[in-house]
Amino acid sequence: NQLNEKILNVSQKNDQLQQENQNLNEKMVAMAEQNQQLQQQVIALQQANEEMNNGFNVLRNEQQNNQNEITSQITELTESNTQLSNNIDALRNQQTNNMTAITS
């Protein structure tokens, strides 16, 4: 009778362990699916990040090109202003010479 009781206890324990094993297997499958979804999200985020980096690089290059163009235009304007200033000085000198010639 005690042997039957022990067998029953072992059998019940075995059933319980099988149920726990089944539950763990189901959790493992669910976690594997979740892991796959997370991996796909990581890939999507990496691709989006790469696209953003490419976009930033394009913008950075455009900004550098614009800065170079602005610097070039400033240089041209500075040279032009210098030439105009020199022309004004020459005209003032000519005007002074003309006034001197008229009054003498």
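Predicted model: local features only at pLDDT ≥ 70, side-chain atom pairs only at ≥ 80, totals over all residues.
## Fold and overall dimensions

The secondary structure of the protein chain amounts to one helix and zero strands. With a radius of gyration of 44 Å, well over the 13 Å that the globule rule gives for 104 residues, the protein chain is therefore more spread out than a compact globule. Taken along the principal axes, the box filled by its C-alpha atoms is roughly 150 × 20 × 10 Å.

Of the 104 residues in the protein chain, 0% are buried. The accessible surface of the protein chain is about 9800 Å², and carbon and sulfur atoms account for 51% of that surface.

The protein chain carries 5 positive and 12 negative charges, and a distance of 16 Å separates the mean position of the positive charges from that of the negative charges.

Methods: Residues numbered from 1 in each chain as written. Heavy atoms only, no water. Helix = DSSP H or I, 4+ residues; strand = E, 2+ residues; numbered from the N terminus. Rg over C-alpha atoms; globule rule 2.2 N^0.38 Å. Buried < 20%, exposed > 50% of the residue type's maximum accessible area, 1.4 Å probe, protein only. Areas by Shrake-Rupley, 256 points an atom, 1.4 Å probe, with all protein chains shown as cover. Lys, Arg positive; Asp, Glu negative; His and termini not counted. Charge placed at Lys NZ, Arg CZ, Asp CG, Glu CD.
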